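Subject: Structure handover

Hello,

Here is the structure for you to look over. My notes on it follow below.

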Amino acid sequence: MFTTGSKLFIGASVLAIVAAVAFGVSYDGAAAWTAAIGLISVSIALLFLMAINFWVRDSNVGGMDSDATTTSAAAQERPSNSMWPAVGAFGGALVAVGLVATPVVFKAGIVVLLIALFEWLVQAWADRASSDRRFNASVRGRIMHPLEFPVLGAVGLTVIIYSFSRIMLFLSKESGPAVFIIVASLITLGGFLFASRPTVKTSVIAGICTIGTLGLVSTGAVMAIDGERSMHEYPTVSTEPAVCASNEETEVDEKGSQGVAAKSNVAATIIFNADGELYGQQVGMGEYSRTVTLQRSNPSQIMFRNLSDETVRLTANMGAFEVDVNGTKVTEKPVTCTTLVKPDGRQMMTLVFPKSSPPNGASLEPYTFVVPGVDAATVEIVVP
Amino acid sequence: MLGLTAASAAVLAGCAKDAPQDTWQPKGENAQKIHDLQWPVFLVAGIVGVIVMVAVGYAVVRFRDKGQPMPEQSHGKPALEIALTILPALILVGVGIPTVSTIFDLADTSDTECIVNVTGQQWWWEYDYPAQEGCGGISDPIVTSGQLVIPANTNVLLRLTSRDVIHSFWIPALNGKKDTVPGRVHTLRMQANQPGIYAGQCTEFCGLSHANMKMEAVALNPDDFQTWVANQLESYVAPEAGSQAALGEAAFTANCAYCHQVNGLSSTAPDGTVTPVLANPDQFVVSGSAPNLTHLMTRNTFAGATWDLLTDECRDRVWNASPEEFGALYLQGVTAECLNAVDLREWIRNAPAKKPMYASDAQKANSGGKVRGMPALGLNETQIDQIIAYLLERN
């Protein structure tokens, strides 16, 4: 008649009553009364639990209703494990933090929240497809994998590329190539080893790749926080008259690149040779010309080659123009010059002459190329 | 029937007699080199094309689905595959060798006898001749536009660039096309076998009036070219005082000289001070340039070679002249009797109405207040008459 659970509670209740009697007999005073009352209360509570257990028949569904084991909600397959509630909670946390911190975090939280809700929705829908979890998983996969794989791939690649770029920007120009040659060599070597030993377990390869990716991402994160190396684009030409008038080295000369990318399709090549002569070369115009013709209102690429033993610069004197400054006529003499070019070096500069050279232009002086400090080194620039 | 009609029309279109830009009629050794390469390539390509089409047609008809059982399926026929790989490779090598050789020949600049700088801008071409030894005795730079004048039977090297966007210079009778790119100088050989005019067209879409950006090359025999050079270097001759042309000079100075240079033109202040009139197109035009009109009437075209300065009758006389007579006729320039005053007057009256250009105030607002092309100047008919009288003396 009594169920197993109710018998357990009856026994415990009787034990509590016996203990209360024994305590009351053995001790005197308030403590004895307190203990006896407490134990009697425990026995009453245990009897109450015994009654509940007796009434629900130890929560044994089969014992109460034999059909319930197959038809009740509790009898259904539980939903598959899902990380999306946790992801959704994370998104909610981002939204909350973003509200008080920064809009970027808020927007990221919204995105995470929406993704989590959508994923959870689809997973819940797929879990109801059948009682077969594997089939349900395949249903979900058919719907979501075409979306998830490209997105995850893109995100993964972005993280890797971004980490890679942070590392490259952190390393110095000198150490960067060395580091990446070593890393690339290690990757190639690892690939070769794996290819030569096809018996290596997939889990080992996956583990190494995971460690490598984590290393790359964590290093990238650290270097992103630390910041990029100091980078500055230094000019290769100057329009400062003081710089262009001398061969003294300035910061522009010290920092300017000596490398020239464009070597073809230049408007003219100006050469300073070992005899201290300056001459121009233009396609079809002979080897040694003291005059070069440049088209007006057009960017002309000029290459300067220094074949002398000195370090010099090429300066273009771009005329002299009378301009009105607050009612006073002032003569302006625009100049452009290369940085100092070492022996056997070359440098480019781009010139634009919006006005014709004299006599059909407004300039008071002819346009010329000169090498500062070498009086005889002059090439006239004709701009029709 | 419709397809047959369209095909016939396409074929017959190739039979046009008046086709000055026909790529199959070379008139210079550079164009001849291209021609000597293109016809065998077309021949080979045509034969291959016909063979392929016949083979495909045969396969389509012969092996069409007639309910027959699926034939035996086999994988690969090495002999056939190797043959079909080697044969096209051999054809390509056969085409490639003369092609590369021709490319190198056309890029050669070592035999240059004459240099011309060519600058493209929306929508006309400027030609400037640097001072150089030989080449008709060009002792000072010459600047002109519309018509590229060169000595016949002379290796001329064009140094091409652009002031605004990419254009492409192409006179099919004399050579292939070459892009003109801002900041870069490209070279193009030019040689004409005999005196005459050779038409061309910008072949890189360059904006609103790309279709109106034409060009003409004029080849003169060396003596005539020398005469042309000497004429271009002649000093400015002011109009006779009190004449219609003199009034035109004043009108030109007041309205046109902001952009158009006329070498030697000067103005005299009330105190007698003489000041050269220097154009400043860089302040008004996007490209920073406008045609130099010093010797406008020595050329036969204006507005980017879009219109003739000659009447139809005079133009036909020049274009159809024999090589022996051509030089003398061309050097006559534009006379009052031969002037195509109708188009010139319309142009001066309202240029944007005649040739699409970005010249209105609204359009200028999008380009820093500068025009692309020539704006309407708002001149009255009297001023136009005076300016035309003045320009008629720019020969």
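Two residues are in contact here if their C-beta atoms, placed from the backbone, lie within 7 Å. By that rule, 21 residues of chain A are in contact with 28 residues of chain B. On the chain A side there are nine nonpolar, ten polar and two charged residues (nonpolar: Ala, Val, Leu, Ile, Met, Phe, Trp, Tyr, Cys and Pro; charged: Asp, Glu, Lys and Arg; polar: the others, Gly among them).

The model is predicted: local features need pLDDT of at least 70 and side-chain atom pairs count only at pLDDT 80 or more, while totals for chains, interfaces and linings use all residues. Residues are numbered from 1 along each chain as its sequence is written, and chains are lettered from A and ligands numbered from 1 in the order in which they are written.

Chain A is assigned domain 1 (4-64), domain 2 (152-231) and domain 3 (237-382), with bounds from an automatic or database domain assignment. The centres of domain 1 and domain 3 of chain A, taken over C-alpha atoms, are 108 Å apart.

Strands pair if DSSP finds at least two bridges between them. S5 (residues 156-162) of chain B pairs with S8(B) in the antiparallel sense over five bridges; B:Arg159 has B:Thr187 in S8(B) as its bridge partner.

Regards

How values were computed. Helices (H or I, at least four residues) and strands (E, at least two) are DSSP runs, numbered from the N terminus.
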